Amino acid sequence: MDFQFFRRLLDTDSTSGKEREFALALASELPELFAKDGARPQLDVMEVGDGSLNLLFSWGRPELVFCTHLDTVPPYIAPRFLDRDGVELPRGRENEAVKVCGRGSNDAKGQAFAMIEACRRLAAAGRSGFGLLLVSGEETGSFGAKAFAAGPFRAPYLIVGEPTDNAMVSASKGTKAYSVHIGGRRCHSGYPEQGVSAVEIFRRFLDALDASAFPEDALLGRTVWNVGRLVSDNPQNILSDSLDFRLYFRTTFASDAAVCRRMEELGEMDFVEVEALGGDVPREYMTLEGFPSAPVSFGSDAPHLDNFGKRAIFGPGSILSAHTDGEYVLVEDLRYAAEAYVAMYEKIIDGHI
């Protein structure tokens with residue numbers, strides 16, 4: 001595997017909103033790279049509609065498509081290639097690394113690198129009937145995947161690259177997002193009885209949500225939720241009359257409908273307005289004999305790519321490292337993933353499933 005090429009992938013800042021230039025660079029470089037190993041693929045460059053691009057490389061008519069995303073979460077963190085002692089290697093010695101750090105190393109340029117390597121090996125072996133789909137906007141709402149799914153392309157099999165510790169995902173939690181506005185009535189904070197505190201209503205709202213008895217799921221476990229984008233910009237000596245935040249749920253087969261019902265109920269509280277922003281439902285995914293599998297609690301583009309028949313999720317790296325300042329992937333995991341992607345193609349295309 002060419003780890004100097006991996007560094008070039010990581011050198012490019014493709015954090016959310018900046019992936020267009022990354023896509024254009026890959027559209028220029030990858031056809032020449034693939035042509036060295038076998039047949040030059042057909043390349044389709046597709047506008048998503050928000051300024052970003054999707055790329056589809058096809059070797060023949062794809063029966064199986066490898067897919068991952070171009071964007072990474074901010075902030076950008078420059079790559080570091082480390083040796084066995086944890087010492088950073090200088091440029092030109094990337095192939096001696098055992099660990100690669102930096103934004104995207106784990107999610108999802110590591111998966112892209114392993115998939116590109118698998119495509120190179122398949123092309124070099126004269127194989128066809130596969131494709132590589134690189135989509136934008138996964139981290140901000142799967143906009144690239146949704147745009148691609150709305151197009152005419154169809155194929156029987158899809159393998160989505162995410163950091164799964166090189167295990168196939170048997171099932172994943174669903175997601176539900178909500179925007180919540182809480183109003184109130186301003187007053188002097190020395191006389192709180194004269195007003196209505198949006199912050200106090202927020203506290204009651206969270207207490208009520210926390211007390212919700214969402215059912216435990218035998219496969220996916222418990223339902224979790226997180227508050228984000230919290231804003232209540234009032235002076236410290238005045239009761240707040242406005243508070244806004246987002247709620248993001250990770251739902252299970254047992255709880256997905258219950259979460260929707262509970263949020264409708266909470267939206268009936270005085271001074272509370274709830275807007276559903278969408279999401280997806282829990283799903284089961286294709287697994288293959290000979291590969292370990294496990295359920296996961298994170299989302300991906302896979303639920304939105306419903307123009308494929310059977311879908312799988314697999315890739316190097318740990319989700320616990322993704323989106324962190326210390327993001328990293330092990331070189332041995334990248335090597336294994338590239339081999340595994342080839343083996344999955346052989347199992348699927350050669351009819352061994």
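Reply: Gladly, and please keep in mind that this is a predicted model. The residues of the lining of the largest cavity divide into seven nonpolar, one polar and one charged.

Me: OK, and how many cavities of 30 Å³ or more does the structure hold?
Reply: The structure holds one cavity of 30 Å³ or more, and the space in the largest cavity comes to about 40 Å³.

Me: Which residues line the largest cavity?
Reply: The lining is made up of Leu9, Phe22, Leu26, His69, Leu70, Ala108, Lys109, Ala112 and Ile116.

Me: Switching to the packing now, at what angle do helix 1 and helix 2 pack?
Reply: Helix 1, which covers residues 3-11, packs with helix 2 at an angle of about 160°, and their axes are 11 Å apart. Because angles over 145 degrees count as roughly antiparallel, helix 1 is roughly antiparallel to helix 2.

Me: And what is the hand of that crossing?
Reply: Helix 1 passes helix 2 in a right-handed crossing. On the helix 1 side the contact is made by Phe5, Arg8 and Leu9, while helix 2 brings Phe22, Leu26, Glu29, Leu30 and Leu33.

Me: How do the residues of that contact divide by class?
Reply: In the contact of helix 1 with helix 2 there are six nonpolar residues, no polar ones and two charged ones.

Me: Now the other pair, at what angle do helix 2 and helix 3 cross?
Reply: Helix 2 and helix 3 cross at roughly 25°, and their axes come within 11 Å. Since angles under 35 degrees count as roughly parallel, helix 2 is roughly parallel to helix 3. The crossing of helix 2 and helix 3 is right-handed.

Me: Which residues meet there?
Reply: From helix 2, the residues are Phe22, Leu30, Leu33 and Phe34, and they meet Lys109, Ile116, Cys119 and Arg120 in helix 3. By class, the contact of helix 2 with helix 3 has six nonpolar, no polar and two charged residues.

How values were computed:
Residues are numbered from 1 along each chain as its sequence is written. This is a predicted model: local features need pLDDT of at least 70, side-chain atom pairs count only at pLDDT 80 or more; totals for chains, interfaces and linings use all residues. Side-chain values use heavy atoms; hydrogens and water are left out. On a 1 Å grid over the protein atoms alone, a cavity is a set of points where a 1.4 Å probe fits but cannot get out, and a pocket is an open set with protein on both sides within 12 Å along at least five of seven lines; lining residues have an atom within 4 Å of a point. Grid points are joined across faces, edges and corners, and a volume is the space filled by probe spheres set on the points. Ala, Val, Leu, Ile, Met, Phe, Trp, Tyr, Cys and Pro count as nonpolar, Asp, Glu, Lys and Arg as charged, and the others, Gly among them, as polar. Axes are lines fitted to C-alpha atoms, for helices over the stretch in contact, and angles run from 0 to 180 degrees between N-to-C directions. Helices (H or I, at least four residues) and strands (E, at least two) are DSSP runs, numbered from the N terminus. Angles under 35 degrees count as roughly parallel, over 145 as roughly antiparallel, 65 to 115 as roughly perpendicular and the rest as oblique. A crossing is left-handed if the near helix is turned anticlockwise from the far one by less than a right angle, and right-handed if clockwise. Contact means heavy atoms within 4.5 Å.
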